[in-house]
Amino acid sequence: MEKKIKKAGVIGAGVMGATIAAQLANVGIKTTLLDIVPPKLTEDDKKKGLTEESPAFRNKFAQNGVQGALKSRPASFYIPENAKLITIGNLEDNLSWLSDVDWIIEVVVERLDIKQSVFEKIESILTPGILVTSNTSGISAAAMCEGRSETFRKHFAITHFFNPPRYMKLLEIVPGPDTLPEVVEVLAEMCEKIVGKGIVYAKDTPNFIANRVGIFGMFSVIQAMMDLGLTVEAVDKLTGPVIGHPKSASFRTADLVGLDTMVHVADNVYDGAPEDEKREVFKAPAFMQNMVEKGLLGEKTKQGFYKKAKDDEGKKVILSIDPKTLEYGPQEKVKIASLEAAKTAGGTGDKIKTLFYADDRGGQFTFRHMAETLIYAANRIPEIADDIVNVDNAMKWGFAWKMGPFETWDAIGVKKSIAKMKEAGYAIPAWVEEMLQSGKESFYRREAGVHYYYDLQSKEYKEVPVKPGIILLPSLKEREKKVAGNTGASLIDLGDGVACLEFHAQMNALVDDIISMIVKTGEIIEKDFDGLVIANHATNFSVGANLAMILFAAQEEEWDDLDWAVKTLQNALMKLKYLEKPVVAAPAGMALGGGCEVCLAADRVRYAAETYMGLVEVGVGLIPAGGGCKELLIRNTEHLFEVPRGGVYPKQIELMPFVARAFETIAMAKVSTSGPEAVKLGYLRPTDKMTVNRDYLIEDAKKTVLAMNMEGYVPPAPKDEIRVAGENTFAMLKLAVWTMHESGYITDHDVTVSEKVGYVLCGGNVLADTKVSEQYLLDLEREAFLSLCGDPKTQARMQHMLTKGKPLRN
């Protein structure tokens, strides 16, 4: 079944419906968003002169949905302009529009009767080949299909997005009893490669995979908290990043989701899975039911497990609830020995192990809730999924866990942990016991770069499926494809004459080892390869310079060393820029400061949709000095000097507006909230392309290198005649900065730093239209950078960033 999704329809313009429509628009799918006609005119409608026949009234719910998505934070749209791909309407007047789409997604209220009514309407306008899916979080696919035609049933499935759809990777696909296998294949292919989701195949059981295991885990945490007398804030410390879960941990997450929603999802399992051996766990405890009755629902009612308030001095504080009294009070300072020990342990696995085997309250709590969750997850196979891989991926992608349940079990030691569980009286799932007895002591294993998982049906290890187009650098290194490397970076052979430079320092800050590896990589590529990709699998591509090293050198007044370090970075990135072979950077996550400058030095950038790029140095009282100022100036002005069709340049070009744009971007430390916004800000060029699903990013970057060579790659010529705006434009920039200062928007030190940025971008004290070289601009950058390093206020800003993790205004 060959089908491309070019148009989609979304029914239901609530938060989920509107943000799903936004994500479809983000990836270029024209989307029709429909909702019901409002029941009656409001007083506000009447004041606007609307009638019941006015489109503005009849389409109000859909319009509000789009406006809500535009205002949402974090942003639902990559850029606001993407909203233009959404056409709004209503189910009474515009249902027929859906006969022209390729895919219809139902996102209405979680009631079976309402959903069935919507599907009845949809069927009246269906044309052959249209796929219909529901975004339900737990209602049965079989029940929703009742009474529908055979054609409808064959082309129907559940596509369960997680909130917010742009950011949460998970998409659970649940086929109905009659769904064609090729329909599932089309949905999986399209949602993975185009919409950017991680696909998990679930079965038609209550709450599918992620919510079934996740809600059980949450309620298990609550029960353990009550039995051990822990506070809400103590539990959040024990169930957050220290065990590889999000910062929102348990109760902050509950507040974000909404307690009423959480209880509803739990009730769905309680009512729909009478045979579940842990069914009673899904019955919300009395204090939670009381919270729901009192309207203590979380963020939506401004109070849940936590509540924002002001203390006696008027300072903002966050209070926590006492589950016994439902009264709010100051949060306790959590001091648990095992928690402190876990924080100092190595990776996530070691942290979990430290807590799991500890004897204090933190250890008892962790052992109890984790043992129960691991056992519960094991007992759900093959009920909710066929294998452990789908369960682990569901929890990682849907709940943002670093490790799924079975990966966690491996980390703490299957054999050792089961002995402890048995000692505590827990019954171990039979298939897990059988696995151990057969001599297999882990759920996963790696061998010669291949990842295997234990398969319940065959009772053997099977290869974890890796789809074509996904390149895994650790696997290549295990297969001895590493060409060169040090502690900061590695050069890996991707095949077909392309190599990948992988950063792997802490936060991928540009330490000396990374910079030296960039230089060495250039030498190797020119000799042995046809092109280079710069990419990694870390959360962030690179957060920029090694700030601690810069601060130390500045405080010790080691100016020659600092000058050498900056010049070395400049030279390394210039070598990248003018390499004889094509260079493609593939950023994802944060590409800040020097990380952004690495991308600016590449021939092309294949960026992940979720790329947050910016030159942020002014936040710590510095300016970009690895070529960032130079490159942003070039990118904002180079189009002015392209030879026009007639072959004659305009006699005079006013550079001021374009220099001002570069100045504003750097001086305000603007960071893109998406890859497409990085193009708008000028960090990326329109010729740079996006990959929505990061899993395919390195392969796409590799293909870009190969395509550039096929087209006949010619390295760029050095730019030695860059026209600069000169001292008059610099004077105007200084006037703008002075105005901001006099209006109270910026500090004295902000003025100092901003003027340095303007000085470099204008080419220093030269006349307008003076032609300068790249090296001239790099020297200006370095000189300004070093002068600011000696400023005590800059040093204070750097120190504050290192200790507090946020900028200081001084």
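## Salt bridges

A search of the whole structure, a predicted model, finds 50 salt bridges, each being a side-chain nitrogen of Lys or Arg within 4 Å of a carboxyl oxygen of Asp or Glu. Residues are numbered from 1 along each chain as its sequence is written. In this predicted model, local features need pLDDT of at least 70 and side-chain atom pairs count only at pLDDT 80 or more, while totals for chains, interfaces and linings use all residues; side-chain values use heavy atoms, with hydrogens and water left out.

Asp93 belongs to the loop between strand 3 (86-90) and strand 4 (103-106), and Arg58 to helix 3 (residues 55-58), 35 residues apart. Helices (H or I, at least four residues) and strands (E, at least two) are DSSP runs, numbered from the N terminus. Arg58 is buried at 12% relative accessible area, whereas Asp93 is partly exposed at 40%; buried means under 20%, exposed over 50%, and partly exposed in between (1.4 Å probe, protein chains only).

Glu478 and Arg446 also meet in a salt bridge (2.9 Å, N to O). This pair links helix 21 (residues 473-478) with strand 12 (residues 444-447), 32 residues apart.

## A buried threonine

Thr239 is found in the loop between helix 10 (232-238) and helix 11 (251-257). Thr239 is buried, with a relative accessible area of 2%. Its side chain reaches the backbone oxygen of Val235 at 2.8 Å.

## An exposed aspartate

Asp560 is found in helix 24 (residues 559-577) and is exposed, with a relative accessible area of 67%.

Notes: A polar contact is a pair of N or O atoms within 3.5 Å; within protein, one must be able to donate a hydrogen and the other to accept it, and residues adjacent in sequence count only if both atoms are side-chain atoms.
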